[in-house]
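Could you walk me through this structure in my viewer, one selection at a time? I would like to know what to pick next and what is there.

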Amino acid sequence: MDMMTPEFVTIGMFLVLFFGVLTGYPLAAPIGGAGVIFGFLLFGDSVFDMVYARVYAQLTNTGFMAVPLFVFMGGMLERSGIAKRMYESLYVCFGNFRGGLAIVSILIGTIMAACIGVIAASISMLTLVALPVMIQRGYDKGLATGSICAGGTLGILIPPSIMLIVYGPAAWISVGKLFMAAFGPGLMLSVLYMIYIAVRSFLQPSMAPSVSSAEQGNYTTFQKISMVVTSLVPTLLLILSVLGAIYSGIAAPTEAAAVGAVVSIMLTSLYGQFRFKDIMEVAQSTIKLTCMVLLIAACSTAFVSVFLAGGGGQIVESFILDFPGGKWAVFAAIMAVTFILGAFIDWVGIIFVLVPILSPIIPRLGFDPLWFAMMIIVNLQMSFLTPPFAYAMFFLKGAADPALGIETKDIIRGMLPFVGIVAVGLMLLIIFPQIVTWLPSTM
Amino acid sequence: MFPSALRKIIITIDRMSDVVAKFAKYLILGLIFVLIYEVVARYVFNKPTIWALETSQMIFGAIGALCWGYTLKIGGHVRVDVFYTMFSEKWKAIVDVVMTLIFLFPIQYILIHSGIKWTLFALKVNEKMVDSSWLPPSWPFRSVLAIGFILFFIQTVSEFTKNVYFIIKGDRLIEASPEYVKEGLV
């Protein structure tokens, strides 16, 4: 058809996608719908086989199998009581510092992040074990909730992370490399969060009063050490077994995830929390999240393949390469768009649609694809902490005991400084790209 | 008379999706088992299997396709609800009906049409899955996918009917499904 010029396809597909998504109908449908409608107008019946082949490829994608495995693992660990033990042991060690309990929340968030690929599990665990204690000890509600949200959100950045598992194939980057690239930024953010809490509680002691040693319970140094060892060592073994295997190149992420899933069941039994009913419940929520992401994956690849076949790729490419102001202006624009989209649209949709379209252009702009991937992913960290689509807030509200009297405005007030810190972190990654690239270069 | 028959059909469809999901829970455990078996066989006994790759692909694909309908039923497909939450119940139903017609039914039509076509093709030429040297026939997996697409369509029809009924009559055909709870893959 004459009217189906690449320009028309590009603008038309994105408009349909955009308005369809904004109606609030499940995200996957307008993405895939825009794909099949334009595909049919462009290519007629042959789009049928094209869509089916893409959907088939997603449903047999070995890499994506890590998604249910890591979701399962997170659900099991959530039920293992591991976070409670860890919190109790770190509480007696660091509770007497100003802001110590909030720092411990970040610390546990970081450790859990290294064994879980999702944020839901970390945030609900922290909300259950850390929030009541902080509120009882007179911590400011904003600081308490903010540190839980920020610490828990690290779960999807620090490997293993399902976001990286999804990003890798979309950008033709190995997931193992992405995992290693994410370590630096993840630990950097964790440290920045802790520094912020320490400084803030030093300047405003009333926000985060220290806990007296009588309240902590008088433990001897030996008791403290043994508590820390029994709570941390099994977790660290889990982390090493999963990440070590990937780093050393022994196992693919999916294989490591399978090991992690089994080890998480074993850990849960070790702590005496094993119930078959729990496994089935975890399996159920795993199904729901897996199907959700697979439908978006299937629909997005239909969209992207029609978009590229219709000539949309060249339009985007020439638009980006001719963008006034050079590559850093393009970079700033992409970051701004990602941030705004991230505040409204689920990250799965953003990565599946935008990354395959943008990725071929990134090296031509002169950016390292691995570094660029990390910038997008850290940027999306902010989206979990930015209303209205702040996942962290929903999970915290869902898990928090109503008796604590946490209100939405407390959480928003608490999260915003951490959004600022992520922005600072992005700046640091621009100035020191080695934070991203060093570890993967040693693989 | 008419609504009660309709109600029965809708309830039957919803139950069917629940049963499929219950079965799929065991598939999740099966997926973990197959993958861990392969890891142990390969790295501990140095004897990799030839069947684990395709078997895990079949299980994974089956979970995905078979439970799309169930996930729709329980409201698990994530929405951008910035505006959606501001709509009245009736407008939510109208949005869902219109969007189903424009976007979801066409996708499902394509999936079912090609799904059946490729299953028949696989049967006819005895197509194999060729990712490893195991070479299992592909028609069983392709037919499970086609069944999954059909189940997805049937559940969509159920949701569609519930919404149309609500728009016309102003009350729910069956007890309202649980309210949409934001829970993405994070």
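**Stop one: a ring pair inside chain A**

Start by selecting A:Tyr193, which is buried at a relative accessible area of 0% (buried means under 20%, exposed over 50%, partly exposed in between, with a 1.4 Å probe and protein chains only). Before going further, please note that this is a predicted model, where local features need pLDDT of at least 70, side-chain atom pairs count only at pLDDT 80 or more, and totals for chains, interfaces and linings use all residues. Residues are numbered from 1 along each chain as its sequence is written, chains are lettered from A and ligands numbered from 1 in the order in which they are written, and side-chain values use heavy atoms, without hydrogens and water.

Rings of Phe, Tyr and Trp (its six-membered ring) pair if their centres lie within 6.5 Å; planes under 30 degrees apart are stacked, over 60 edge-to-face, and the rest tilted. The pair joins distant parts of the chain, 225 residues apart: A:Tyr193 sits in helix α10 (residues 175–203) and A:Phe418 in helix α21 (residues 408–431). Helices here are DSSP runs (H or I, at least four residues), numbered from the N terminus.

**Stop two: charges over rings**

Select A:Lys327 with A:Phe367: the lysine lies over the ring face, 4.7 Å from its centre. In chain B, B:Arg172 lies over the face of B:Phe166, at 3.9 Å from the ring centre. For this label, NZ of Lys or CZ of Arg must be within 6 Å of the ring centre and within 35 degrees of the ring normal.

**Stop three: where the chains meet**

Show both chains. The contact (heavy atoms within 4.5 Å) takes 77 residues from chain A and 64 residues from chain B. About 6,200 Å² is buried between them, with carbon and sulfur atoms giving 79%; this is the accessible area (1.4 Å probe) that the two parts lose on being put together, summed over both.

How many salt bridges are there between chain B and chain A? The count is one. Select A:Asp49 and B:Lys117 to see their side chains meet in a salt bridge, 2.9 Å from N to O (the cut-off is a Lys or Arg side-chain nitrogen within 4 Å of an Asp or Glu carboxyl oxygen).

Finish with A:Tyr52, A:Tyr56, B:Trp118, B:Phe121 and B:Phe141, which ring pairs link into a cluster.

Conventions:
Helices (H or I, at least four residues) and strands (E, at least two) are DSSP runs, numbered from the N terminus.
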